[in-house]
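Have a look at it before reading on.

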Number of protein chains: 2
Amino acid sequence: MTSSNANPSTNKDLGVQGYAVPSEVPTHWYNVMADLPEAVPPHLNPGTREPIKPEELEPLFAKALIAQEFSTERYIEIPAPVREIYSQWRPSPLIRAARLEQRLGTKARLYFKYEGVSPAGSHKPNSAVAQAYYNAIEGTTKLTTETGAGQWGASLAMACALFDLECEVYQVRSSFDAKPYRRMQMETYGASCYSSPSDRTESGRKMRVDFPDTSGSLGMAISEAIEVAVKDPNAHYSLGSVLNHVVIHQSVIGQEAIEQLKAAGEKGADIVFGCAGGGSNLGGLSAPFLGQNLREGTKTRLVAVEPAACPSITQGEYRYDFGDTSNTTPLLKMYTLGTDFVPDPIHAGGLRYHGMAPILSHAINLGLMEAIALPQDQTFAAGIEFARAEGIIPAPESTHAIAGALDYIKSGQAQDGEVIVIGLSGNGNLDLPAYAQTLSE
Amino acid sequence: MTSSNANPSTNKDLGVQGYAVPSEVPTHWYNVMADLPEAVPPHLNPGTREPIKPEELEPLFAKALIAQEFSTERYIEIPAPVREIYSQWRPSPLIRAARLEQRLGTKARLYFKYEGVSPAGSHKPNSAVAQAYYNAIEGTTKLTTETGAGQWGASLAMACALFDLECEVYQVRSSFDAKPYRRMQMETYGASCYSSPSDRTESGRKMRVDFPDTSGSLGMAISEAIEVAVKDPNAHYSLGSVLNHVVIHQSVIGQEAIEQLKAAGEKGADIVFGCAGGGSNLGGLSAPFLGQNLREGTKTRLVAVEPAACPSITQGEYRYDFGDTSNTTPLLKMYTLGTDFVPDPIHAGGLRYHGMAPILSHAINLGLMEAIALPQDQTFAAGIEFARAEGIIPAPESTHAIAGALDYIKSGQAQDGEVIVIGLSGNGNLDLPAYAQTLSE
């Protein structure tokens, strides 16, 4: 399907067509479901345990997004208005970390794909803009969502401002308290932001009674955002990770990286490190490389780096589980720590999710991707080393990918001339208190 | 002069030469002093009131920077290691504000030149990297500086990290208190940051006695940073604005904008709005357009937009004055409100300077540039309007340039088809409390 098929009559109205979009901005999203050797296990209706039908998702999502959730088409056209907005910061830079290489004394060639140049400072707008767009053309006037670190909430708030949608965000309590700038960012874009669990929803009130001292979790915040969306006929819900359509939107990252490596004279990547939360950045970067492995026989190693405090892949089970705490979502086949798992309030709030995207869980289960878990002190040390060599202070989430690559190099696993790619999902400029705390310890 | 003439033997050692620098990254800085119809009045020795000699500045600055301060060469080669670092975020994007145009209902074509994609989030690294580089190759091991909003301090901290220099920053008290994230940013890069006036210097201690309740000023912080540099034989001082060499470094902004407008199919800019503090962003954006006006007869209008709370151009006098409160700098011929002027602690800390760069003051005095002053409520309203249309939350400083352009359009002065360029000097992601305060009022 393409978006222009979805609603050809209204597409043009939302595009501002201000200027030609450079050819380096991808024209299509890539869907790895077309290339996987076995189909991704379907999402299930929790009542019947039968594969969920597209129409059952319509209270939550725009039709075009549901179609993408089920699509096995390899390429999905990016609507012109979305591509126009992408072009403000895409292609995002692929940067040779030459000074870091020099300080490490490695002869491997280290690159990072940097999503922090987006207005919200992370990769999240890649899906937020697409989701806001499809909802706007289908007549939704309000989106609700959850946010962990605040990057997704800020990105959806931004996207809703661009498409004149109302936006209501439930931010995980520990992040809401620790990262007040994120709420201010959302409010500047015109969104509302609430600490979750809140007293605005039945599920929130129940969680506040059951777990009065909870630091919150993405699972809880999802329950609240879904509840609000389902009760409002003009509202839809929006998820920033985990689901297939989100991973598809994020594929611009990996597609660009492949082209940029070519332009830099590299044959390809030998190993790619991505941080693993719900899977949006990891999948966006990795899936196009995985597709290349599957179609062209390249042998790029794909490594998910997750926090030791929330090790859904390395310590979780691969089974059907809910996406939220109140068990209102479809059942998703994924690596999971269980919906009741509440990780420690680590700085990398975006990685505090109990599960992993079904697409990536499937790929990992098939042995097509690897995973490691690293502790926070190691990831922040790597983040500071990176900042002082390359000038960019990484998001706490991104420090996981950096730490994975640095560990690989420092432990002598990297070969001379090897090409290593780090997924730098965002900058840490709104996470500076986490760095300040690390430096003071 | 070129930097490679300054120290050909050591240049290569500091470059990491990781990858080819794209041809779109300028190869030379542009020096508008070569094209002005009359020479910029020289800086004076305050004792003799004679033009200051280069060697008199050597306790403060690297020799290569002093040579640039006096240079009338039109183009100065950018050293390879500096250009390599620039290429991480340069050319910075020139973006058509098509959605804002649509919301305004204007048929003018509105562009913004966005410097917020740099690691520090503003244009300041353009000069910080150059200054750290020249100091490093000349053997300096420590730089001291002042910072207002924190953008310059963070940028110099970053540049010092890249070139392994120690960095000591005096941050204006009102900003230090209001913007704690900036200090954390500097410290993450490994720098030290102190509230000014501090008790670490004679000048600071004197100011604390004379003005115990002061909110601080750039002039005071400059005095402290200079005092520390002068007393330490291994240290130099670094200034983020005002001086000729800083305006020269920032010329990459305007040079790129001219090329990018061409690439977008425009004949040129009709009018350019830049925010006016000490003149670094304003000069960097405007000077190449001014040079074009002078050499090629184009008629681009250049408008400096300053805060009503610190109106150095529109309310100040054009005369010789000191750059700092303790009157330790050379005398600079500039528009000034007097060194004792302490502006209200407005959010745009980067615009709280009593004077204006001598190069730009001279151009304004010759009638080659214009200036207006706008109040904070108007600039923040423009900033919020911009954020919700274009997705980028502007730095408080940058909101002045936006407000100038919006006022021009809304008051009906913009003609159909006119090309308007806004200098978006940085993003406001570390200034979100200022937006939160504005929204709550």
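## A lysine–aspartate pair, in both chains

A:Lys206 and A:Asp210 make a salt bridge, with 2.7 Å between the closest N and O atoms. Keep in mind that this is a predicted model. Both residues sit in helix 10 of chain A, 4 residues apart, which is about one turn of the helix. Residues three or four places apart in an α-helix point the same way, because there are 3.6 residues a turn. A:Lys206 is exposed at 53% relative accessible area, while A:Asp210 is partly exposed at 39%.

Over in chain B, B:Lys206 and B:Asp210 form a salt bridge too, their closest N and O atoms lying 2.7 Å apart. These two are also separated by about one helical turn, being 4 residues apart in helix 10 of chain B. B:Lys206 is exposed, with a relative accessible area of 52%, and B:Asp210 is partly exposed at 39%. As for networks, A:Asp35, A:Arg74, A:Arg295 and A:Glu296 are joined into one by salt bridges that share partners.

Across all chains, the structure holds 42 salt bridges. One of them pairs A:Arg90 with A:Glu115, at 2.8 Å from N to O. A:Arg90 is in the loop between helix 4 and strand 3 of chain A, and A:Glu115 is in the loop between strand 4 and helix 6, so the pair ties together parts 25 residues apart in sequence. Buried or exposed, at 3% relative accessibility for A:Arg90? A:Arg90 counts as buried, since the cut-off is under 20%. A:Glu115 is buried as well, at 0%.

## Helix 7 of chain A

After the helix comes A:Asp164, with a positive phi near 60 degrees.

## Where the chains meet

Chain A puts 46 residues in contact with 46 residues of chain B. Together the chains bury about 4100 Å², 59% of it on carbon and sulfur atoms. A:Arg99, A:Tyr181 and A:Thr188 supply 18% of what chain A buries against chain B, more than any other three residues.

There are 2 salt bridges between the chains, including one from B:Asp164 to A:Arg103 at 3.9 Å. The count of residue pairs in polar contact is 14. On the side of chain A that touches chain B, helix 9 of chain A gives the most, with 6 residues. By class, that side has 30 nonpolar, 9 polar and 7 charged residues.

Technical notes: Residues are numbered from 1 along each chain as its sequence is written. Chains are lettered from A and ligands numbered from 1 in the order in which they are written. This is a predicted model: local features need pLDDT of at least 70, side-chain atom pairs count only at pLDDT 80 or more; totals for chains, interfaces and linings use all residues. Side-chain values use heavy atoms; hydrogens and water are left out. Contact means heavy atoms within 4.5 Å. Buried area is the accessible area (1.4 Å probe) that two parts lose on being put together, summed over both. A salt bridge is a side-chain nitrogen of Lys or Arg within 4 Å of a carboxyl oxygen of Asp or Glu. A polar contact is a pair of N or O atoms within 3.5 Å; within protein, one must be able to donate a hydrogen and the other to accept it, and residues adjacent in sequence count only if both atoms are side-chain atoms. Ala, Val, Leu, Ile, Met, Phe, Trp, Tyr, Cys and Pro count as nonpolar, Asp, Glu, Lys and Arg as charged, and the others, Gly among them, as polar. Buried means under 20% relative accessible area, exposed over 50%, partly exposed in between (1.4 Å probe, protein chains only).
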